[in-house]
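Please look over the sequence and the structure shown here before reading on.

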Amino acid sequence: MTLYDEQKAYESVNTTALEYLSGRGITASTAKEFGVGFCETTGPFSGRLTIPCYSVDGDLTGFGARTLGDDKPKWINSSESQIYRKSRQLYALDKSRDYILKSGVAIACEGYFDVMALWQAGIRNVVATCGTSFSKHQLRLLKRFSERVIVCYDGDNAGVIAAQRAVEGLTEEKHPISYVRLPVGIDPDDFVRQRGKDEFLKLVNA
């Protein structure tokens, strides 16, 4: 079934946005599940995909919004507020908390689409830090549900350095945390789409 066959599953995403999502391997049903929309009105998110962010308890706290073209910045977010603090929450933890509890393992990625691609592939114990350094507040959230945390950032130099820093900087929290190194130039989104669920889990659990 193609994305356009599923279009009725999420009619608020327009054709241009659906084409972009299709290129990222994200189906309309996954877009619906994660509440992905498109802002057609004037405002800070105009002409962008909008992705809602929720607290661990499922309360809406803010949005991330991505341009579909070459506009800069690529991503913009809701302003920091008492209810939206990027360094104090994790994307999709409201959805994944029970899967993390069941498996004992939390996989922490960098981006929204990493989470969606892994979720779509059947890997549900996953969250994302979404542009922030992995903070002690985020790890403390995961400690409530996990026995250990695996950081799985992009396979470029920046991703490797960020993952190493996260692991080294959070050792004082005394919770098992490690990182997995993806092939150069590959992010979790790419990896699971190109090589599948089993290969991803084999790499993460090695």
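**Helix packing and cysteines**

Helix α4 (residues 112-120) packs against helix α7 (residues 188-204) at an angle of about 30°, and their axes lie 9 Å apart. That makes α4 roughly parallel to α7, a label given to angles under 35 degrees. The model is a predicted one, in which local features need pLDDT of at least 70 and side-chain atom pairs count only at pLDDT 80 or more, while totals for chains, interfaces and linings use all residues. Residues are numbered from 1 along each chain as its sequence is written, and side-chain values use heavy atoms, with hydrogens and water left out.

**The contact of α4 with α7**

- Phe113, Asp114, Ala117 and Leu118 in α4 meet Pro188, Asp189, Val192 and Phe200 in α7, where contact means heavy atoms within 4.5 Å.
- The residues of this contact of α4 with α7 divide into 6 nonpolar, no polar and 2 charged.
- The crossing of α4 and α7 is right-handed, meaning that the near helix is turned clockwise from the far one by less than a right angle.

**The cysteines**

- With a disulfide defined as a pair of cysteine sulfur atoms within 2.5 Å, the count comes to 0 disulfides.
- Cys109 is in no disulfide, and the nearest cysteine sulfur, that of Cys152, is 5.0 Å away.
- Cys109 is buried, with a relative accessible area of 0%, where buried means under 20% relative accessible area with a 1.4 Å probe and protein chains only.
- The sulfur of Cys130 is too far for a bond, because the closest cysteine sulfur, in Cys53, is 6.1 Å from it.
- Cys130 also counts as buried, at 11% relative accessibility.

Terms used: Axes fitted to C-alpha atoms, helices over the stretch in contact; angles between N-to-C directions. Helix = DSSP H or I, 4+ residues; strand = E, 2+ residues; numbered from the N terminus. Parallel < 35°, antiparallel > 145°, perpendicular 65-115°, else oblique. Nonpolar A, V, L, I, M, F, W, Y, C, P; charged D, E, K, R; others polar. Buried < 20%, exposed > 50% of the residue type's maximum accessible area, 1.4 Å probe, protein only.
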